[in-house]
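Please look over the structure shown below before reading on. The report that follows takes its parts one after another.

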Amino acid sequence: MPGPAPSPVLLGVSLKMYFGHHQTLNWSRRIAALAEHHPAVTSGAARLFVLPAFPALVPATGILAPYGVALGAQDIATEDSGPYTGEVGGPLLREIGCRYAEVGHAERRRLYGEGDTVVAAKTAAALRNGLTPVLCVGERDEADPADAAARTVAEAERLLGGLEGAVVLAYEPQWAIGAPEPASADHIATVCTALRGWLDSRPRHAGSTVIYGGSAGPGLLTRLAGAVEGLFLGRFAHDPANVGAILDEIRSPATTPAAVA
Ligand SMILES: O=C(CO)COP(=O)(O)O
């Protein structure tokens, strides 16, 4: 008898602040065309989500959502509404069709001074508004894999505290973001396996997914051979052909992750 169907591989893209508006929409059209025809997507083996800049969320949803590509915001306010100049709250994000909200990215921590209290409050805001947090965790400086795993699990534990709900836990070692190469496959596998084990011990986070980000690109999923449940892409998704190449890898059974909760 065949075993249970493997969980889909989750591929997320954050466009950060790289693209202009029309560039974002043109890129979105090319991703929509991939999603419409690529067998990894049409078969359900891969799921895609895209996090553009705030002003592009509505038109990009119109382009991508018909092909099953989910949209999300790169940030979310800790509060839901009120006198918070410049912030965007969860109810509005939900209203315009967002499914995800990214929290805790290393750039927001380093450049905008966001600490654990703010990251945990943003995670709570996403969950209470029915958005899946894409919660970024990962060590700041390069460490050996076992040490990185222990520190990253402790970070996830601290941030998720008393919260309940499915999350996307994005392991993004800060030293591997914006680098020429991702962390080594052994490093990624050790940390992501530890995060998976920790999540499995917390039924309140059933349905969560562990993905890797930090200079991820074509070839990495194959090297990881099922040790992660997806990738969180930055620069290497700017060329849609790279997204297509990663989707090609997902078609290969060798890269299909073991079934996860
Ligand atoms: O931070 C990232 C995704 O959120 C990764 O960015 P890069 O792939 O450009 O390093």
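In which loop is Ala225 found? Ala225 is found in the loop between α9 and β8 (230-233), in a model that is predicted.

## Two residues with positive phi

Ala225 has a positive phi of about 45° although it is not a glycine. Because 14 other C-beta atoms lie within 10 Å of Ala225, this residue is classed as partly exposed.

Ser215 is likewise not a glycine, and its phi is positive, at about 60°. Its place is in the loop between β7 (209-213) and α9 (220-224), and since Ser215 has 19 C-beta neighbours inside 10 Å, where a buried residue would need 20 or more, Ser215 counts as partly exposed.

## Surroundings of the ligand

Ser215 also belongs to the closest residues around the ligand, together with Ser14, Gly213, Gly234 and Arg235. The ligand is surrounded by 14 residues, and this shell is made up of five nonpolar, seven polar and two charged residues.

## The barrel

Eight strands form a closed barrel with parallel pairing, in the order β1-β2-β3-β4-β5-β6-β7-β8. Neighbouring strands of this sheet are turned against each other by 25° on average, when direction is ignored. Helix α3 (residues 57-64) packs on the sheet, where it touches β2 (46-51) and β3 (70-73), and the direction of α3 makes about 165° with that of β3.

β3, helix α4 (residues 90-95) and β4 together make a right-handed β-α-β unit. Further along, β6 and β7 pair in the parallel sense over four bridges, with Ala170 standing opposite Ile211 in β7.

## Strands β4 and β5

In β4, Tyr100 and Glu102 point one way while Ala101 and Val103 point the other way, and all of them are buried. Strand β4 (residues 100-103) pairs with β5 in the parallel sense over four bridges; within this pairing Tyr100 stands opposite Thr132, and Glu102 has Val134 of β5 as its bridge partner.

Is strand β5 enclosed by the rest of the structure or open to the outside? Six of the six residues of β5 (residues 132-137) are buried, so this strand is largely enclosed by the rest of the structure. The covering applies to both faces, with Thr132, Val134 and Cys136 buried on one side and Pro133, Leu135 and Val137 buried on the other.

By class, the residues of the contact between α6 and α7 divide into four nonpolar, one polar and two charged.

Technical notes: Residues are numbered from 1 along each chain as its sequence is written. This is a predicted model: local features need pLDDT of at least 70, side-chain atom pairs count only at pLDDT 80 or more; totals for chains, interfaces and linings use all residues. A residue is near a molecule or strand if its C-beta atom, placed from the backbone, lies within 6 Å of it. Ala, Val, Leu, Ile, Met, Phe, Trp, Tyr, Cys and Pro count as nonpolar, Asp, Glu, Lys and Arg as charged, and the others, Gly among them, as polar. A residue is buried if 20 or more other C-beta atoms lie within 10 Å of its own, exposed if 12 or fewer, and partly exposed in between; C-beta atoms are placed from the backbone. Helices (H or I, at least four residues) and strands (E, at least two) are DSSP runs, numbered from the N terminus. Two strands pair if DSSP finds at least two bridges between them. Axes are lines fitted to C-alpha atoms, for helices over the stretch in contact, and angles run from 0 to 180 degrees between N-to-C directions. Two residues are in contact if their C-beta atoms, placed from the backbone, lie within 7 Å. A crossover is right-handed if, with the strands pointing away from the viewer, the path from the first strand over the helix to the second runs clockwise.
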